[in-house]
Amino acid sequence: MLRSVFCKHTLLISTSGWLNLPRVICSSSSLSSSDSKTSTATMMSQSKLPSPPVAKKVEHKMELFGDVRVDNYYWLRDDSRSDPEVLAYLKQENDYFESAMSGTKKIEDNMFAELKGRIKQEDVSAPFRQGSYYYYTRTLEGKEYVQHCRRLIHNNEAPPSVHDTMETGPDAPPEHLILDENVKAEGRGFYSVGCFQVSLDNKLVAYAEDTKGDEIYTVYVIDIETGTPVGKPLVGVTASVEWAGNEALVYITMDEILRPDKAWLHKLEADQSNDICLYHEKDDIYSLGLQASESKKFLFIASESKITRFVFYLDVSKPEELRVLTPRVVGVDTAASHRGNHFFITRRSDELFNSELLACPVDNTSETTVLIPHRESVKLQDIQLFIDHLAVYEREGGLQKITTYRLPAVGEPLKSLQGGKSVEFIDPVYSIDPSESVFSSRILRFHYSSLRTPPSVYDYDMDMGISVLKKIETVLGGFDTNNYFTERKWASASDGTQIPICIVYRKNLVKLDGSDPLLLYGYGSYEICNDPAFNSSRLSLLDRGFIFAIAQIRGGGELGRQWYENGKFLKKKNTFTDFIACAEYLIKNCYCTKEKLCIEGRSAGGLLIGAVLNMRPDLFKAAVAAVPFVDVLTTMLDPTIPLTTAEWEEWGDPRKEEFYFYMKSYSPVDNVKAQNYPHILVTAGLNDPRVMYSEPAKFVAKLREMKTDDNILLFKCELGAGHFSKSGRFERLREAAFTYTFLMRALSMLPSVGSEQS
């Protein structure tokens, strides 16, 4: 059914037969003394920089349950993003950032060139077959965005095979350029295509574009052959758009707090004002989602909260008729797909916390059969249907796996699953994601990578049990996967829970005696799985002797639903203490010392960074909090802020006294205190609809007011982007370049400009 799969990532795991290096016992005397002296001598402290901006203080009192909070920087919130005083302050922070980094600008530029130099600029994605065509994207030398293309398949009557390749060259069918994002992006500071949906008859395409980074899209329909627009664009919509046949679209719009609340049916060339509202979700805890079945015969509209999900369906041949498939039952989460005369439904509840798989006849949805029962140690994460097969994505022991089954012929009874085959993977620790596949075929396509294996596309023959590599990302600059070592370790949390840590480093550069620099990354929210996936930019750290580690802490979904449940609501602090336990494990086992330990998190991972900085600032040398959700209590008390109402089931509703004081006890902005903090870099996006720019801005302002150290604190706000930074494939590398430069500067690792260039 290909639901939104966020998941990407007591024994030593070795790769390529390389044995683990011997551990060197690190004495306590090696932990910080010499490193501290070097840092003081070479790291630019705040006292050596121009004076940082000082935000004015305007007292803003908030009182609840007899508790009074004073937020002197509340004025920094401007929902219009146009207040001159607020914009002037953000510009001052950006100017200070540029001034502070000016001394290492050439090194940062060299770093950017290095990151860019690993990218094969002219490339083609793995072609996907739809009907008589291969569809793919192409990138060009020096261009930021992709081109969407297709080619006719010569022998399109033959069934798909894992060995199929797209013909190229002078005798091949010509390439047809459908859409060039580079042309569309001209003159714009931001450009992103959120969806690109080809009609079933291969004549039209609907695509959604965002030109600000606020995730509010405009949908265009064009004729594939001529590029001619079909009707007027749909404005103010989400990126959830699906074809209902070849002459209509279903799409989702949002309310004033950017909650997806209405599903619409649009007939091509009709005016948007005449579109039919299929469903309006009025409960502001719930948001709407949309997806097509693999068979393309049904669309599913789901209304979901953080603990509940119920599903409607419509037959694309009768798209005006929306019917209930699974009812609204609080605490029960369902998702659906279709094959033949059956719907397939995954269902999760408090008792069936890792989900089960059911099937029911299309004409009698109350008659369900359990195909895969609930298992306490195995999480059923997703399914993907084919005309004769079922692929099941699961997690066990923190690792992902795919199991495929052959189904009875359409029309025959569907009572059980027999003889599942497991897909084999090349690394012991890895990340897999589903990919759109040809429903009528026996070929499962999936994406694969690991901390040392670049992103790869595989086609798997579910009858033959063989995988064929269709595409692996080319990494330039002499990359060799055999130079890197990955392993998984387990840290003991304060309550005894074992927390997995995924680790990668370059074999010939690390000593494992405590002297190596280390970057520890974490997230730990929303049941999102922080799986060990490849990132070519990260090589710039690994190739300079860094160890990179991912803390798979509670609040994520890596070890099943209960792993998530034990890191949310009134157990949220487990997320933070787990991360601290991972840091302490790495120090104790000589991967690094406090003076060599850097940490990073983004969005809800930025909340993690803010919380642990307040709790244990002594444990880290430098921290990066990207678009961090740090003003938790104030945000969750304000239902006019996007995402607030929907997330009461994630963080808790602070309008209730128990949640109010618990959230106040960890909310980073509310817990900044007069103490020493490490070097800190904070980022934001002015147009971010997920985490308002004002949250990191207030966090930085309060840190500047309260902290007692002389370490550097930088804040960079992208004034033309949103939650996901800049949109171009090269320009977004700028963020990695200045982040890595900042970290190496904090660790006194920067060479002279001349030696870096050499």
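This is a predicted model: local features need pLDDT of at least 70, side-chain atom pairs count only at pLDDT 80 or more; totals for chains, interfaces and linings use all residues.
The crossing of α7 past α8 is right-handed.

Helix α3 covers residues 105-117. At 1.5 Å a residue, its 13 residues should span 18 Å. The C-alpha atoms at its ends lie 18 Å apart, which agrees with that expectation. Five names make up the buried set of α3: Ile107, Glu108, Met111, Phe112 and Leu115. Viewed down the axis of α3, these buried residues fall within an arc of 145 degrees, so they line one face of the helix. An α-helix has 3.6 residues a turn, so residues three or four places apart point the same way.

Strands β10, β11 and β12 were examined next. Strand β10 (residues 217-223) runs antiparallel to strand β11 (residues 234-243), and two bridges join them. Tyrosine 217 has valine 237 of β11 as its bridge partner. Strand β11 also pairs with strand β12 (residues 248-254), again in the antiparallel sense, over four bridges. Here valine 237 is bridged to threonine 253 of β12. Strands β11 and β12 form a hairpin, with four residues between them. In the turn, glycine 245 has a positive phi of about 80 degrees.

Terms used: Residues are numbered from 1 along each chain as its sequence is written. Side-chain values use heavy atoms; hydrogens and water are left out. The expected span of a helix is 1.5 Å times one less than its number of residues. Buried means under 20% relative accessible area, exposed over 50%, partly exposed in between (1.4 Å probe, protein chains only). The arc is that of the directions from the helix axis to the C-beta atoms. Two strands pair if DSSP finds at least two bridges between them. A crossing is left-handed if the near helix is turned anticlockwise from the far one by less than a right angle, and right-handed if clockwise.
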